[in-house]
Amino acid sequence: MRDMVKMGLILLLITSIAGLVLGVTNSLTEGIILERAMAGDIASMQVLLPNADSFEPVDHEEINSSTIIREAYAGFSNGELVGYNIKVSPNGYGGAVEIMVGIAATHELTGIEILEQTETPGLGTKITEEAYKNQFIGLPTDGSATVDTIAGATVSSEAVNIGVRAATTLYEDFLKN
């Protein structure tokens, strides 16, 4: 009985130390991780709105209350609005698919960038291929911005369509004017 208590206390001590080390490591690296994620977002925003030289976050009640829309940024070139980048996160087959949708001030899509996804390799990951993503370029923001789903990856490609529709609806209803 005494050996079991001793082993239990040793195990408690080891797991407590391991938990403390993990907690400290997380707090030390959290800023770096967020900084790198933001750098990736900025790179995607620049790809989608290449004419923009600065981006400002858009604060709107619709963004804060949405389950799909995560954030939006207005892109400016010399103080003139050139478009918006809207980050959406619809659910795909393997979980959330994080997408950046670019919309020009001319009311058309400039493209999409898949930021994060956990879709099935070889099938659902086809949403990251340039041939698929390029189909969105130039589509209008009037609600018809949908492309055909990918055979074998219907859920994944439909998630992208849902995300793009959410972004274009936000643009048409709240950001356009």
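Helices here are DSSP runs of H or I with at least four residues, strands are E runs of at least two, and both are numbered from the N terminus. Okay, with that said, S44 sits in helix α1. S44 counts as buried because its relative accessibility is 10%, where buried means under 20% relative accessible area, exposed means over 50%, and partly exposed is in between (1.4 Å probe, protein chains only). Leaving aside residues up to four places away in sequence, S44 touches E113 and L115, with contact meaning heavy atoms within 4.5 Å.

Quick housekeeping. This is a predicted model, so local features need pLDDT of at least 70 and side-chain atom pairs count only at pLDDT 80 or more, while totals for chains, interfaces and linings use all residues. Residues are numbered from 1 along each chain as its sequence is written, and side-chain values use heavy atoms, with hydrogens and water left out.

Now the strands; two of them pair if DSSP finds at least two bridges between them. β2 (residues 69–77) runs antiparallel to β3 (residues 80–88) over eight bridges, and I69 stands opposite V88 in β3. The two make a hairpin with two residues between them, and N78 in that turn has a positive phi of about 50°. On to β4, residues 98–104: six bridges join β3 to β4, again antiparallel, and I86 faces V101 across that pairing.

Last, T154. UniProt, in an unreviewed entry, puts "modified residue: FMN phosphoryl threonine" there; positions use the numbering here, feature names are shortened, and annotations may be inferred rather than shown by experiment. T154 lies in helix α4, residues 154–175, and counts as partly exposed because its relative accessibility is 44%.
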